[in-house]
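Thank you all for coming; please take a moment to look at the structure on the screen, and then I will walk through a few of its features.

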Amino acid sequence: MKLKKILLIIVGCLGLFMGAVGAVLPLLPAFPFLLLAAYCFARSSEKLNTWFINTRLYKNNLETYVKGQGMNWKTKIRIMVMVTFLMSIGFLMMGRVPVGRIILAGVWLFHILYFVFGVKTVRQKAEGYPDPEF
């Protein structure tokens, strides 16, 4: 059991590191790595999980999604653009593998449809303005 906990902490830290790099660099998507970190920390250490969910990185990228509320358009578009860019590289490299291109195009299409229609879109509150409560 201790080995599993240690492995989850290591993978969570790697996910956190890659997510932090992805939040800064436009080429690397932060969301999947931060989601991996959240999963690993939640299953390995209550202390790490509490720390992680209180970070700005978590609150800006994952909080609304994990709570089941969805994502804002900015995050959704950033994810879709990055996946499209990375998948297009694979698509171009599969010039002689038409079946691979078809499968990759199908995965890309499913990804886009999922983020547009499957993930709820939340409004991002403007900085400095109170939440509208009706």
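This is a predicted model: local features need pLDDT of at least 70, side-chain atom pairs count only at pLDDT 80 or more; totals for chains, interfaces and linings use all residues.

**The two cysteines**

Let me begin with the sulfur of Cys 13, whose closest cysteine sulfur, in Cys 40, is 9.3 Å away, and that is too far for a bond. A disulfide here is a pair of cysteine sulfur atoms within 2.5 Å, and by this rule the count is 0 disulfides. Cys 13 is partly exposed, with a relative accessible area of 39%, whereas Cys 40 is buried, at 2%. By those words I mean that buried is under 20% relative accessible area, exposed is over 50%, and partly exposed is in between, using a 1.4 Å probe and protein chains only.

Residues are numbered from 1 along each chain as its sequence is written, and side-chain values use heavy atoms, with hydrogens and water left out.

**The overall fold**

Turning to the whole protein, we find 7 helices and 0 strands, where helices (H or I, at least four residues) and strands (E, at least two) are DSSP runs numbered from the N terminus. The C-alpha atoms fill a box of roughly 50 × 50 × 25 Å, taken along the principal axes, and of the 134 residues, 28% are buried.

Contact means heavy atoms within 4.5 Å, and if we take the contacts between residues at least 6 apart in sequence, 58% of them join residues at least 24 apart. Once its neighbours within four places in sequence are left aside, Thr 75 is in contact with Asn 60 and Asn 61.

**The salt bridges**

Side chains of opposite charge can pair when their charged atoms come close. A salt bridge is counted when a side-chain nitrogen of Lys or Arg is within 4 Å of a carboxyl oxygen of Asp or Glu, and this structure holds 2 of them. In one, Lys 59 meets Glu 63 at 3.8 Å, N to O; in the other, Lys 67 meets Glu 63 at 3.7 Å, N to O. These bridges share partners, and they join Lys 59, Glu 63 and Lys 67 into one network.

How exposed is each of these residues? Lys 59 is partly exposed at 37%, Glu 63 is partly exposed at 21%, and Lys 67 is exposed at 56%.
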